[in-house]
Amino acid sequence: MFRVNSVLQSIPKIFNSFVRRASVNRGLDEKSEKNEIDQITEMVPIEKRSLSRGAMLNKFEKDFMIFPEYLELAEIVNIKSYVGKLGDDLDKTIPHVKTSPGLMPSEIVDVLMKNGIFGAIIPKDFGGVGFQQKDVLQLVECISSRDLSIFTMFNNLMTCSNIILQFGTIKQKDDYLPGLATGKWRPAICWQEETTSVNPSSQVSSSPGQPQRLNAYKVNVVNAVDANLFVVFANKRIGDENFPTCYIIEKDSIKDPNASITIKNKLMTSGLQKCNFSEVVFNNVPVDDSLMLGESENAGAMVDELAYSGKTLYGAAVVGFMKKALGDLCSFANQEVKGNMRLADSHPIKKTLSDMGLHIYILETMVYYIGGLTDENLFLSQDIENSIIQRFSNKAIRQAITTITEVAGIYSSDVELPYDKMIKDALALMSFSDPDLHLVRRITIPAIEHYVNHHGGAKTYLGGREDLIDYLHPKLIHFIAEHVHPSLAGSAVNFEYCLTRLDKIIDILFRDKGVYLNTDYIALQDISTLMENNLAMISVIARASRAYSVGVRNSHLELDWTNYFCSRAAEESKRVIAEVMETQQKMININPSVMGAAKSLLDANGYCMDSPIEKNW
């Protein structure tokens with residue numbers, strides 16, 4: 001697909017690691033490049049830079065209604081052939097390997113190396129494959145449908161490669177990227193989870209006339225047991241101040257007898273048993289500026305990159321897992337007979353499996369939509385979209401676990417069947433993901449900040465019933481229905497309604513709560529849900545419109561699912577804004593009551609209500 005956008009095509013994409021690496025490979029000066037990009041970026045309208053931030057302001061770029069796809073048929077054939085061969089090799093190998101808890105079997109590693117997947121995102125100039133993001137997403141789907149442990153190891157490697165590609169010096173790229181592609185380097189990333197400020201216990205300091213020493217204590221480090229390359233975030237102590245820094249340390253290069261890297265307290269997880277999650281202690285490890293990854297001022301940006309990027313891969317992993325689970329459950333339902341009826345003929349089972357299929361459809365669409373726009377160089381900032389995908393992926397995992405238990409029943413706990421391992425792996429994967437509180441804030445806070453900066457605060461006065469009607473049934477201003485297949489006109493109208501409702505609800509909440517909106521989790525959760533629905537709606541509308549227009553198999557089902565979901569999402573946004581308006585008009589705020597009840601439970605260390613059969617005292 002070819003799109004003409006001269007302004008965007010003239011801008012290097014520092015926000016997108018898959019695009020940005022091309023300019024980095026040419027050895028351009030990083031600081032001057034970033035300054036130039038920052039200046040040009042401000043000239044680009046927000047709706048062209050960030051889909052979700054633009055939607056928050058009720059601004060929309062109609063170019064985003066075109067679902068991204070491969071330019072050439074040969075590209076599709078090649079990646080399908082590659083992924084198919086990888087899947088066949090894994091299917092032949094996995095049943096015959098012996099698993100030691102916490103270690104990836106060497107036979108599986110050999111298959112991965114033979115197929116070259118360790119160099120998936122590494123450019124060919126550094127010995128990698130140089131895949132597009134759509135290619136990597138299909139690769140992740142393939143390995144995750146076999147074992148989520150393989151994805152966890154692969155994702156850890158891709159994260160390390162991505163950081164070095166974005167922030168490493170030319171020498172560091174030359175030293176480490178070829179080794180990462182061939183499996184020579186086995187990385188472990190030791191980083192802080194949420195903020196750019198590093199734990200004070202992780203410090204680099206030195207005495208007068210002595211070399212710098214790293215002392216750090218890191219927890220839940222993935223695959224540290226057999227790692228030989230550590231990426232470590234710590235504070236560098238200069239005088240009375242701490243400066244966030246990141247070091248890349250080769251384990252075998254430590255020769256000082258007083259220095260050590262100790263792996264301890266490995267978690268015994270019920271799922272993802274081919275991976276290990278450990279505590280890593282760095283004791284008096286000598287470091288110098290040559291081991292610093294990139295520039296010292298980039299440490300905060302690296303942590304942000306770890307927090308926000310790569311969530312499309314996480315989403316693709318959940319898609320691969322859920323497709324495999326759905327296939328197994330459908331086979332089970334078709335074969336299982338209860339009474340005189342197949343389980344598959346039960347209406348509740350059909351509804352449950354259909355809901356799971358819908359979750360897969362929505363998540364798969366969002367993942368490939370964002371990945372495709374990235375490949376087309378049309379996405380400058382995708383931090384919010386990545387967080388939305390991660391949050392929806394966690395919802396999909398919960399729904400998948402519920403579906404497995406409802407369809408398979410007691411067999412979902414049978415260790416001889418695959419369902420038990422599926423549930424345990426999914427729970428372990430989700431437990432090492434970010435909690436919903438963090439994801440809600442990552443989705444909403446950047447968008448709210450941009451909203452406030454754009455408008456300078458709330459922009460309307462709270463009205464009465466007429467305002468409520470306008471909010472629930474707003475006027476069309478974008479006419480998005482003109483840009484999609486006629487069968488999706490109703491969904492396009494619903495999507496446009498949701499854009500206006502989101503704009504209005506932010507205005508109402510900000511006028512009511514002011515700066516305290518950032519601390520009201522329930523309000524932020526509502527905003528996050530509406531933003532999630534908006535991204536999902538535009539993704540599925542674009543996909544279904546393309547599918548029906550070009551005659552994709554089962555495109556009529558895509559239309560049905562898209563119209564059903566968009567109708568349901570529009571009703572949800574209508575309900576949320578009606579509740580907010582009603583709360584304002586009745587001067588009632590239930591959020592403090594909910595939080596007060598939660599405080600009572602915490603103070604009592606559990607359920608604090610008396611039994612319903614207790615007498616008065």
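These legends go with close-up views of a pocket and a helix pair in a predicted model.

Local features need pLDDT of at least 70 and side-chain atom pairs count only at pLDDT 80 or more, while totals for chains, interfaces and linings use all residues. Residues are numbered from 1 along each chain as its sequence is written, and side-chain values use heavy atoms, with hydrogens and water left out.

View 1. A pocket is an open set of points, on a 1 Å grid over the protein atoms alone, where a 1.4 Å probe fits, with protein on both sides within 12 Å along at least five of seven lines. Of its 23 lining residues, Lys80, Gln138, Glu364, Tyr368 and Arg543 lie nearest the centre; lining means having an atom within 4 Å of a point.

**View 2. Helices around the second largest pocket.** At least two lining residues come from each of α6 (73-93), α8 (133-146), α12 (311-335), α13 (347-375) and α19 (521-550). Helices are DSSP runs (H or I, at least four residues), numbered from the N terminus. The top contributor is α8, with 6 residues.

**View 3. Where α8 meets α12.** Their axes (lines fitted to C-alpha atoms over the stretch in contact) come within 7 Å and cross at roughly 40 degrees. Contact (heavy atoms within 4.5 Å) involves residues including Val136 and Leu137 of α8 and Leu313 and Phe321 of α12.

Terms used: Axes fitted to C-alpha atoms, helices over the stretch in contact; angles between N-to-C directions.
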